[in-house]
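The exercises below are to be worked with the sequence and the structure open side by side. Each gives a task and then a solution in steps.

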Amino acid sequence: MPSPTPFTVGIAGLTGKLGRLIAHNLLQSSTPTRPIHIRGLVRDLSSPNLPSPSESITLIRGDALDRAAATAFAAGCDVVLCAYLSIDDSMMLAAHKLLTDACVASGTVKRFFPADWTLDYTRLRMGDLPPKDVMLAVKEYLVTDAPGVEGVHVLNGAFMDTIFSGFFGLLELELEPDGKREGEGEGVEGVWRCWGTGEGVWELSTYASTAAFTAAAVLDEGAVGVLKFLGDRKSSTEIVATLNKVYNANIHLELRGSLAELFATMHERRAPLKDDPSYSAYLQYMPLFYEYFCTSGLAHLGPLDTMDNARYPSIKAETLEDFLTRTPLLELEVAFSKAGTPV
């Protein structure tokens, strides 16, 4: 009896954190009756972040704007997923359109997953949250310029792994001058500085849960359109309480100002820097934009009971307490850097 034809998934950006985790979940789901094959589009075939060599993985070298490489990559795939992450909006838009065109040209790709994974940007207008203008344009391009290819948009709120990082600048631990032993948290003092009243809700998912749900949706040929998966909903007040409970720490809440003041501040900071493409300029204002839209409710996914989690009942989404329990307090700030490692 001939072997079954593999279900082939193309992942552009396979060496990124989310790309690696999704590939891991897909290969874990491979069975003799439904084998999974991964085609990865990568810039560097010698990258240390490549998955281990396997007969189930084919690598194609090419950068994000290499049309020939994208065409070769998509040929023969059943599904293509983009896992690019960049602050270069023009590159992200061009790369997504190029991959979409390659999917159409392949004649085999039926669904394309753009690099969404965020709050519900579909509720925003162009210009509200600048990085999501790209995804709004990509979503429209899939509707108008991709005959035969369905867009699948996975939304997950904010990544739990990132909100404790220096990018947001929310959590500051007050350590002894010589620091503490790795993993020690008991008795540590700290502060969580946020805008608003402290009651603004963060919608949160871990990289691990998001990758598991995304992989399940990739394998679900009926999964199309917008899908929403969420791990937890917590206000800043509740985040602080959970930190103190899990780590027996003494972290307190400090308010920076109202949401109206945050809105004014983020635009004031961006105005003189919006044409500066450097990451240092981006850091001056974009964390404020994300905090505003994450906690104001303007781009919320909705209550937990309206999510698509139940579509894949075998997956248990990690809550904030789950994530903190498996992450030492003194590693929270760098948890994002380790997010590409399977839990």
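This is a predicted model: local features need pLDDT of at least 70, side-chain atom pairs count only at pLDDT 80 or more; totals for chains, interfaces and linings use all residues.

**Exercise 1. Strand 4 and its partners**

Task: Determine which way the side chains of strand 4 (residues 79-82) point, and trace the pairing of this strand on to strand 5 (residues 111-113).

Solution. 
Step 1. Val79 and Leu81 point one way, while Val80 and Cys82 point the other way. All of these residues are buried.
Step 2. Strand 1 (residues 7-12) runs parallel to strand 4 and is joined to it by four bridges. Ala12 is bridged to Cys82 of strand 4.
Step 3. Strand 4 also pairs with strand 5, in the parallel sense, over three bridges. Here Val80 has Phe112 as its bridge partner.
Step 4. Between strand 4 and strand 5 the chain passes through helix 3 (residues 89-106), and this β-α-β crossover is right-handed.
Step 5. For comparison with the record, the unreviewed UniProt entry annotates residues 8-124 as "domain: NmrA-like". That span is 32% helix and 21% strand, and its end C-alpha atoms lie 34 Å apart.

**Exercise 2. Ile11 and Ile22**

Task: List what Ile22 touches beyond four places in sequence, and decide whether Ile22 is buried or exposed.

Solution. 
Step 1. Ile22 is found in helix 1 (residues 17-28).
Step 2. The relative accessibility of Ile22 is 0%, so the residue counts as buried; the cut-off is under 20%.
Step 3. Leaving out residues up to four places away, Ile22 touches Ile11, Leu81, Trp117, Ala211, Thr214 and Ala215.
Step 4. The C-alpha atoms of Ile22 and Ala216 are 9.2 Å apart, although 194 residues separate the two along the chain.

**Exercise 3. Aromatic pairs**

Task: Classify the ring pair of Phe164 and Trp192 from its distance and angle.

Solution. 
Step 1. The whole structure holds 13 aromatic pairs.
Step 2. In the pair of Phe164 and Trp192, the ring centres are 5.8 Å apart and the planes stand at 65 degrees, so the pair is edge-to-face; the angle needed is over 60 degrees.
Step 3. Phe164 is in the loop between strand 7 (158-159) and strand 8 (171-174), and Trp192 is in strand 9 (residues 189-194), so the pair ties together parts 28 residues apart in sequence.
Step 4. Both Phe164 and Trp192 are buried.

Task: Treat Tyr292 and Phe293 likewise.

Solution. 
Step 1. Their ring centres lie 5.1 Å apart with planes at 90 degrees, so this pair is edge-to-face.
Step 2. Tyr292 counts as buried at 13% relative accessibility, and Phe293 is buried with a relative accessible area of 4%.
Step 3. Ring pairs also link Tyr279, Tyr282, Tyr285 and Phe289 into a cluster.

Definitions and conventions: Residues are numbered from 1 along each chain as its sequence is written. Side-chain values use heavy atoms; hydrogens and water are left out. UniProt positions are given in the numbering used here, feature names are shortened, and annotations may be inferred rather than shown by experiment. Helices (H or I, at least four residues) and strands (E, at least two) are DSSP runs, numbered from the N terminus. Buried means under 20% relative accessible area, exposed over 50%, partly exposed in between (1.4 Å probe, protein chains only). Two strands pair if DSSP finds at least two bridges between them. A crossover is right-handed if, with the strands pointing away from the viewer, the path from the first strand over the helix to the second runs clockwise. Rings of Phe, Tyr and Trp (its six-membered ring) pair if their centres lie within 6.5 Å; planes under 30 degrees apart count as stacked, over 60 as edge-to-face and the rest as tilted. Contact means heavy atoms within 4.5 Å.
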